[in-house]
Amino acid sequence: MNEKPTISNLAAIDAAHHIHPFSDMKELNAKGTRIIERAEGRHIWDSTGKKYLDGFAGLWCVNVGYGRKSIADAAYRQMQELPYYNSFFGTTTPPAILLAQKIASHAGPHMNRVFFTNSGSEATDTWFRMARVYWKALGMPEKTLVIARRNGYHGSTVAGASLGGMKLMHEQGNLPIDGIHHIGQPYWYAEGGDLSPEEFGLQAARELEAKIDELGEDKVAAFVAEPIQGAGGVIIPPDTYWPEISRICKARNILLVSDEVICGFGRLGSWFGYQHYGFEPDLAPIAKGLSSGYLPIGGVLVSDRVADVMVNEVGDFFHGYTYSGHPVAAAAALENLRIIEDEGLVERIRDDIGPYFAKGWKSLEAHPVVGQADCVGLIGGLQLAADKATRRRYAKPDDIGSLVRNHCLENGLIMRATADRMLASPAFTITRGEVDEMVGTLSKALDHLAETVTE
Ligand SMILES: *Cc1c(COP(=O)(O)O)cnc(C)c1O
């Protein structure tokens, strides 16, 4: 007897019992969910047997690709030896220790410690508390405010959604919480006006300086930003932006927090996003690529500046998760990082597949509906435009991106859209042929947009 539920059974059960994240459930239940059943390399298969090239690495995370048996084996071995023990009360486990060391070995000389969490959102809550505890321990308990950016994304917990600059998230749950302020984003295409990207990058960075002056330097604890905004639409800042942000944080004595949840562990062709842009953050939340999504794990990189106070001055930091440094997740992450090291995947992005991807991605800029096609390493953002010459955007940006995304989906390519931007974030192991396929399928979807929508 075959007890396996049928596809329509599963969809009905899903509709009856499962509330999905970031989903309009009424709409989804009416049309039925897509059920992903298996994956290998850069491909996934849904329950109808349809095969897709995953241009998004799951959700920015399956960086070493699907089907890595050695990660499964590492988790299996660890689960048999010691499935769980905590890192509270003076204990910990070998994988947690070794993973902290491994991460620190790539993080730069000023960054030597890690606090483990299970997700990026928890990492956000962790550094948020840590930043305030840091200033309090230094005798500056008034330094509590945190500045973040509009259209940034830092997770979905109360602190995460508050720090994020997504209006629709703020409207649900009376957010942001007190003590959080937002400045603009370095989104030149939409907001740069007549300025050159370089001029606009400086102007956007100097909004931070103005905000610190407005709030008072003695009240501001930290500024947080993603090196490249991911969920906001892969917004790649002009080159002038990060050096100026870094200068301002130093001059005004506020902590600089680099949200490395997407950029960390190689995506930009450097181990961390801050290394690509050449600055040194004080705190850096990590997650996603740390385990390539094989198991949930995240953390916060803590610089020596902050660690010296947290470790030597604070005493007990009353913060932690039951599964902080979970040994099975840590063992999977260690194996994931071994793969990235041994296969030279960061170097591959920097020197080989990254430049190849850039050539294909940027070729799309010639398409009549594309305003700008930008990328760094293996992350790309493509701006759709109604009029290239004037940078005029489509009248209904939200419908435009999903139209292109759905066309890609029908043709076997997973892409993501944020309003009128198309987002790509493939696995580090993507082949040249698969890059060509991605660009080709996306190009056809752009033709479809040009044919069906005029404004
Ligand atoms: C995904 C993401 C988060 C949140 O991570 P979760 O694991 O989903 O909680 C935080 N910051 C950035 C930049 C992200 O992309």
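Helices (H or I, at least four residues) and strands (E, at least two) are DSSP runs, numbered from the N terminus. The model is predicted: local features need pLDDT of at least 70, side-chain atom pairs count only at pLDDT 80 or more, and totals for chains, interfaces and linings use all residues. Residues are numbered from 1 along each chain as its sequence is written, and side-chain values use heavy atoms, with hydrogens and water left out.

**View 1. Threonine 117 in strand 4.** Threonine 117 lies in strand 4, residues 111-117. Threonine 117 is buried, with a relative accessible area of 0% (buried means under 20% relative accessible area, exposed over 50%, partly exposed in between; 1.4 Å probe, protein chains only). The side chain of threonine 117 reaches the backbone oxygen of serine 119 at 2.8 Å. Apart from residues up to four places away in sequence, threonine 117 touches Glu122, Ala123, Thr126, Ile297, Gly298, Gly299, Tyr321 and Ser324, where contact means heavy atoms within 4.5 Å.

**View 2. Isoleucine 286 in strand 9.** Strand 9, residues 283-286, contains isoleucine 286. This isoleucine 286 is buried, its relative accessible area being 0%. Phenylalanine 272 is 14 residues apart from isoleucine 286 in sequence and 9.6 Å apart in space, C-alpha to C-alpha. Once neighbours within four places in sequence are set aside, the contacts of isoleucine 286 include Ile103, Ser119, Gly120, Phe272 and Leu301.

**View 3. The two domains.** Domain 1 comprises 34-64 + 346-452, and domain 2 comprises 70-342; these bounds come from an automatic or database domain assignment. The contact between them takes 33 residues from domain 1 and 33 residues from domain 2. The C-alpha centres of domain 1 and domain 2 are 26 Å apart.

**View 4. The area between domain 1 and domain 2.** About 2700 Å² is buried between the two domains, 62% of it on carbon and sulfur atoms; buried area is the accessible area (1.4 Å probe) that two parts lose on being put together, summed over both. Val64, Val346 and Arg391 supply 27% of the area that domain 1 buries against domain 2, more than any other three residues.

**View 5. Polar pairs and salt bridges between the domains.** Between domain 1 and domain 2 there are 13 residue pairs in polar contact, both at pLDDT 80 or more (a pair of N or O atoms within 3.5 Å; within protein, one must be able to donate a hydrogen and the other to accept it, and residues adjacent in sequence count only if both atoms are side-chain atoms). The count of salt bridges between domain 1 and domain 2 is 0 (a side-chain nitrogen of Lys or Arg within 4 Å of a carboxyl oxygen of Asp or Glu).
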